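Biologist: I have a model open and want to learn how to read it. Can we go feature by feature?

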Amino acid sequence: MTERASTRVSKTIEAPRATLFRACLDPVALAAWRVPDNMESQVHAFDAREGGTFRISLTYKDPQLSPGGKTSEATDTFQGRFVELVENEKIVEAVRFESPDQAFGGEMKVTTSFTDTDQGTEVTILCEGIPPGVRPEDNEAGTEQSLQKLAAVVQPSS
């Protein structure tokens, strides 16, 4: 069995931890920020509590430029559950892609943590157990884009 990759991306955002924590558990806000630049998000189900589940699809804006989705030609659909919620500190999710391709199979752990800094809050997203079909550099780039959007969602004037 091949070892599964991990990525860690951090960004300091000028907002309190509580604001950022809420933006991670609000399905409308999440659909706006937790998506790479070249995709759109649709939240199908979202129960933000420990043990609660969610199901989300990310679809390429231009299917002709899609490298091929994990679930269909232009879409990545994933489902997961909230493993741990520590208010204003940490969110731990277990995520599985819906895909017939075993290269995208298995569970990935996503931990989002919030730490106070002099400039605001450092938000760190750690993805562990990335399926072998997902290039770590693509996961990292998508996470960086998402954190940029998170900052825009909580700081609309910037």
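Modeller: Start with accessibility. With a 1.4 Å probe and protein chains only, buried means under 20% relative accessible area, exposed means over 50%, and partly exposed lies in between. Take Arg 81: its relative accessible area is 37%, so Arg 81 counts as partly exposed.

Biologist: What ground rules apply to this model?

Modeller: This is a predicted model: local features need pLDDT of at least 70, and side-chain atom pairs count only at pLDDT 80 or more, while totals for chains, interfaces and linings use all residues. Residues are numbered from 1 along each chain as its sequence is written, and side-chain values use heavy atoms, with hydrogens and water left out.

Biologist: In which strand does Arg 81 lie?

Modeller: Helices (H or I, at least four residues) and strands (E, at least two) are DSSP runs, numbered from the N terminus. Arg 81 lies in β4.

Biologist: Which residues does Arg 81 touch?

Modeller: Contact means heavy atoms within 4.5 Å. Leaving out residues up to four places away in sequence, Arg 81 touches Gly 52, Thr 53, Phe 54, Val 92, Glu 93, Ala 94 and Glu 107. Now look at C-alpha separation. Arg 81 and Phe 46 are 35 residues apart along the chain, and their C-alpha atoms are separated by 9.2 Å.

Biologist: Walk me through the pairs.

Modeller: Seven bridges join β2 to β3. Glu 40 stands opposite Thr 59 in β3, and Val 43 opposite Ile 56. β3 and β4 are also joined by seven bridges, with Ser 57 opposite Thr 77. β4 and β5 pair over eight bridges; Leu 85 faces Ile 91 there. Six bridges join β5 to β6, where Ala 94 has Lys 109 as its bridge partner.

Biologist: Is β5 mostly covered or open?

Modeller: Mostly covered. Six of the eight residues in β5 are buried.

Biologist: How do I read phi in the turns?

Modeller: Most residues other than glycine have a negative phi. The hairpin of β4 and β5 has three residues between the strands, and Asn 88 in the turn has a positive phi of about 65°. In the hairpin of β2 and β3, with six residues between the strands, Gly 51 takes a positive phi near 90°.

Biologist: How do helices lie on the sheet?

Biologist: Last, what volume does the largest pocket have?

Modeller: On a 1 Å grid over the protein atoms alone, a pocket is an open set of points where a 1.4 Å probe fits, with protein on both sides within 12 Å along at least five of seven lines; lining residues have an atom within 4 Å of a point. Grid points are joined across faces, edges and corners, and a volume is the space filled by probe spheres set on the points. The largest pocket has about 740 Å³. It is lined by 31 residues; Pro 36, Lys 70, Asp 76, Asp 138 and Asn 139 lie nearest its centre. α3 gives the largest share of the lining, seven residues.

Methods: Two strands pair if DSSP finds at least two bridges between them.
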